[in-house]
Amino acid sequence: MNLHEIQEQLRAQQLDGWLFFDHHERDPIAYRVLSLALKQHVTRRWYYWIPANGEPVKLVHRIESGMLDSLPGERKLYSGWREQRQLLECILKNAERVAMQFSPECMIPYVSLVDGGTVDLIRGLGKEVATSGPLVQYFEARWKTGQLETHYFAGRLMDLIRSEAFEEISNRIRANGSVQEIEIAEFIRGRFAEQGMVTDSGPIVAVNANASNPHYTPSTASSSPIGPGDFVLIDMWAKLDRPGAVYYDITWTGYCGEQPPSEIVNVFQVVCEARDRAVEAVRSAIAEKRQIAGWEVDDAARGYIQEQGFGEYFTHRTGHSIGEEVHGNGANLDNLETRDERPIIPRTCFSVEPGIYLEKFGIRSEINCYVSEKDAGPTGEVQHELVRI
């Protein structure tokens with residue numbers, strides 16, 4: 001835990017402090033931000049208060065008095081709920097705006113981890129409970145030294161494996177007339193293992209109407225054949241099998257034949273233009289040193305798709321934060337499922353993946369975009385034409 005940096009951010013965001021709370025290990029963010037290792041079961045509530053200025057204070061139950069011993073600050077002990085409330089009131093007496101893992105209307109579910117009753121408790125003490133979302137992004141989503149290199153390394157391997165996967169589809173169709181989705185998914189997973197990469201799930205290999213389900217995954221029990229004249233979507237994500245490595249997450253599409261139908265080509269072009277408009281919105285904002293929020297980037301992509309008459313068929317956010325987990329804790333490109341008002345900040349990465357999902361096929365084009373102090377842009381190959389399989 002970097003206490004100085006946390007307090008610096010609290011002052012920058014005009015917050016009086018950050019109140020961490022946990023019971024039964026409900027808030028993994030707290031343990032990561034505080035670098036707090038679990039040594040025993042958390043059967044009693046604990047609180048850790050980091051004021052914008054001054055020394056932290058820890059409030060722990062007497063039968064778990066050593067729970068926060070690894071953290072700096074004065075320790076206060078309680079047993080009963082009345083004593084707990086009294087001590088919290090004392091700890092927070094000089095605070096007005098208190099950050100917690102809370103999101104108004106659960107707009108950012110990744111951050112909304114504190115239960116409603118605890119929020120009621122702090123509000124009952126006369127405090128404003130503010131979302132810790134921007135703080136969580138700053139301390140959780142910014143990549144550390146060396147992580148960008150693991151992303152680039154994974155990207156080079158992934159782009160190779162993606163190309164091999166489309167080639168494998170072509171080879172098996174020529175040899176056998178068709179190939180099952182699950183066979184290509186297994187091929188990709190095998191190549192991940194051979195290249196020293198790991199993933200939490202997937203990949204998605206979807207033919208025709210299956211590609212209209214954004215979270216479709218083939219299995220041994222449910223898999224469709226891919227053959228001549230078929231449309232294919234491959235969505236794959238993985239990272240290097242080493243500590244601190246971050247994910248690379250892409251979606252590419254192809255057609256089994258020389259000339260794809262004009263309807264598929266048209267939808268593909270609309271999706272790609274929406275993707276590129278989202279990237280340009282971020283790039284220009286960073287170049288101009290102008291703040292831009294996740295919801296605004298979503299609007300840039302979604303607005304174009306709506307203009308082209310496909311708005312109702314774009315049923316998910318434009319992109320998600322990427323980190324050591326494929327879905328990270330930074331700003332998402334979202335003004336549909338949520339309104340993500342967190343600003344896009346340097347040293348973060350996110351997917352850009354607009355999609356249009358029609359009855360017979362669905363097209364998504366996904367790249368990863370990294371933001372530095374000076375610029376922003378894709379971190380790997382960008383698809384501009386359908387793969388001819």
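Histidine 24 is placed in the loop between strand E1 (17–22) and H2, where helices (H or I, at least four residues) and strands (E, at least two) are DSSP runs numbered from the N terminus. The phi of histidine 24 is near 60°, a positive value in a residue other than glycine. The model is a predicted one, in which local features need pLDDT of at least 70 and side-chain atom pairs count only at pLDDT 80 or more, whereas totals for chains, interfaces and linings use all residues. Residues are numbered from 1 along each chain as its sequence is written, and side-chain values use heavy atoms, with hydrogens and water left out.

Two further backbone features lie in loops. Lysine 289, which is not a glycine, has a positive phi of about 55° and belongs to the loop between H8 and H9. Glycine 202 and proline 203 are joined by a cis peptide bond with an omega of about 5°, and proline 203 is found in the loop between strand E8 (197–198) and strand E9 (204–207). Most residues other than glycine have a negative phi, and most peptide bonds are trans.

Helix H8 (residues 262–287) and helix H9 (residues 294–307) meet at an angle of about 150°, with their axes 8 Å apart; axes are lines fitted to C-alpha atoms, for helices over the stretch in contact, and angles run from 0 to 180 degrees between N-to-C directions. H8 and H9 are therefore roughly antiparallel to each other, given that angles under 35 degrees count as roughly parallel, over 145 as roughly antiparallel, 65 to 115 as roughly perpendicular and the rest as oblique. H8 passes H9 in a right-handed crossing (left-handed if the near helix is turned anticlockwise from the far one by less than a right angle, right-handed if clockwise). Residues in contact, that is, with heavy atoms within 4.5 Å, include Val270, Ala274 and Ala281 in H8 and Val297, Ala301 and Ile305 in H9. By class, this contact of H8 with H9 has 10 nonpolar, no polar and three charged residues, where Ala, Val, Leu, Ile, Met, Phe, Trp, Tyr, Cys and Pro count as nonpolar, Asp, Glu, Lys and Arg as charged, and the others, Gly among them, as polar.

Helix H3 (residues 81–91) and helix H4 (residues 116–124) pack at an angle of about 55°, with their axes 10 Å apart, and are therefore oblique to each other. Their crossing is right-handed, and the contact is made by Gln84, Arg85 and Leu88 of H3 together with Leu121, Ile122 and Gly124 of H4.

The largest pocket has a volume of about 570 Å³. On a 1 Å grid over the protein atoms alone, a pocket is an open set of points where a 1.4 Å probe fits, with protein on both sides within 12 Å along at least five of seven lines, and lining residues have an atom within 4 Å of a point; grid points are joined across faces, edges and corners, and a volume is the space filled by probe spheres set on the points. Of the 26 residues that line the largest pocket, Arg32, Phe139, Glu140, Ala141 and Lys144 are the closest to its centre. H5 gives the largest share of this lining, four residues. The second largest pocket holds about 400 Å³ of space, and among its 21 lining residues Pro214, His215, Asp235, His327 and Glu353 lie nearest its centre.
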